[in-house]
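Work through the exercises below with the sequence and the structure in view. Try each task before reading its solution.

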Amino acid sequence: ANFTKDEDIDYAFRMATYLGVKALSTSTQVSMAKRLAPFAEKYKMPVGFHGHDSVNQPDEVHNEASFQAVMKESPYMRANLDVGHYTAGGGDAVDFIRKYHDRITNLHFKDMKRNQGNSYTPFGLGDAPLKDVLLLVSREKYDFPVNIEFEYPGDPMVEVPKCFQYVKDALA
């Protein structure tokens, strides 16, 4: 959402607090981090910035430098790392998780092809290091959620169980 008034931002944080959530997640621009930081600090509420693979748009969150720019604004500014988009944009999700695990609110877990734009694939057919991510998170006992994100074509009633089975097999 594009909030035009501080009262709107404050309201969102108040509602999140009342609902007892542990963090907010947003798909917004790097430049919003400075504006959100005072509210996150006031409410002691982490905000996970969701990244995409829009590497040609400088104000979008998409690579390590853009996540660093967000996180420098406040300890409450964090990453909602989308493993598929990060990979599609040329990033190394395993390296990012190792470096910033304490600044990650959650992972969006999906597979995509590298440098091909909107190249969603079934789990295991893209370039995202899905198994390596799962093994790292499990081995290191990171306490952030890993959320299966289903975006490739197909019937979700058929495909989501396949995604879940991929996760179970990877961790077996």
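## Exercise 1: A buried aspartate

The side chain of D82 forms a polar contact with the side chain of K110, at 2.4 Å. A polar contact is a pair of N or O atoms within 3.5 Å; within protein, one must be able to donate a hydrogen and the other to accept it, and residues adjacent in sequence count only if both atoms are side-chain atoms. The model is predicted: local features need pLDDT of at least 70, side-chain atom pairs count only at pLDDT 80 or more, and totals for chains, interfaces and linings use all residues. Residues are numbered from 1 along each chain as its sequence is written, and side-chain values use heavy atoms, with hydrogens and water left out.

Task: Find the place of D82, decide whether D82 is buried or exposed, and list its contacts beyond four places in sequence.

Solution.
1. D82 belongs to strand β3, residues 77–82. Helices (H or I, at least four residues) and strands (E, at least two) are DSSP runs, numbered from the N terminus.
2. D82 is buried because its relative accessible area is 1%. Buried means under 20% relative accessible area, exposed over 50%, and partly exposed in between (1.4 Å probe, protein chains only).
3. Neighbours within four places aside, D82 is in contact with H50, G51, H108, K110 and E149. Contact means heavy atoms within 4.5 Å.

## Exercise 2: A glutamate in a helix

Task: State where E159 lies, and which side chain its own side chain meets in a polar contact.

Solution.
1. E159 is part of helix α7, residues 156–171.
2. E159 counts as buried because its relative accessibility is 13%.
3. Its side chain makes a polar contact with that of Y152, at 2.8 Å.
4. Not counting residues up to four places away in sequence, E159 touches F150, Y152 and G154.
5. G154 sits in the loop between β7 (146–148) and α7. With a relative accessible area of 47%, G154 is partly exposed.

## Exercise 3: Two helix pairs

Task: Describe how α5 and α6 are oriented, then do this for α1 and α2.

Solution.
1. The axes of α5 (residues 93–100) and α6 (residues 130–140) come within 9 Å and cross at roughly 20 degrees. Axes are lines fitted to C-alpha atoms, for helices over the stretch in contact, and angles run from 0 to 180 degrees between N-to-C directions.
2. α5 and α6 are therefore roughly parallel to each other. Angles under 35 degrees count as roughly parallel, over 145 as roughly antiparallel, 65 to 115 as roughly perpendicular and the rest as oblique.
3. A93, V94, I97 and R98 in α5 meet D132, V133 and L136 in α6.
4. For α1 (residues 6–19) and α2, the axes come within 10 Å and cross at roughly 45 degrees. That makes α1 oblique to α2.

## Exercise 4: Two lysines with positive phi

Task: Say where K44 and K141 are found, and what the phi of K44 and of K141 is.

Solution.
1. Most residues other than glycine have a negative phi.
2. K44 is not a glycine, yet has a positive phi of about 50 degrees. K44 is in the loop between α2 and β2 (47–50), and at 61% relative accessibility K44 counts as exposed.
3. K141, also not a glycine, has a positive phi of about 55 degrees. K141 is in the loop between α6 and β7, and is exposed, with a relative accessible area of 69%.
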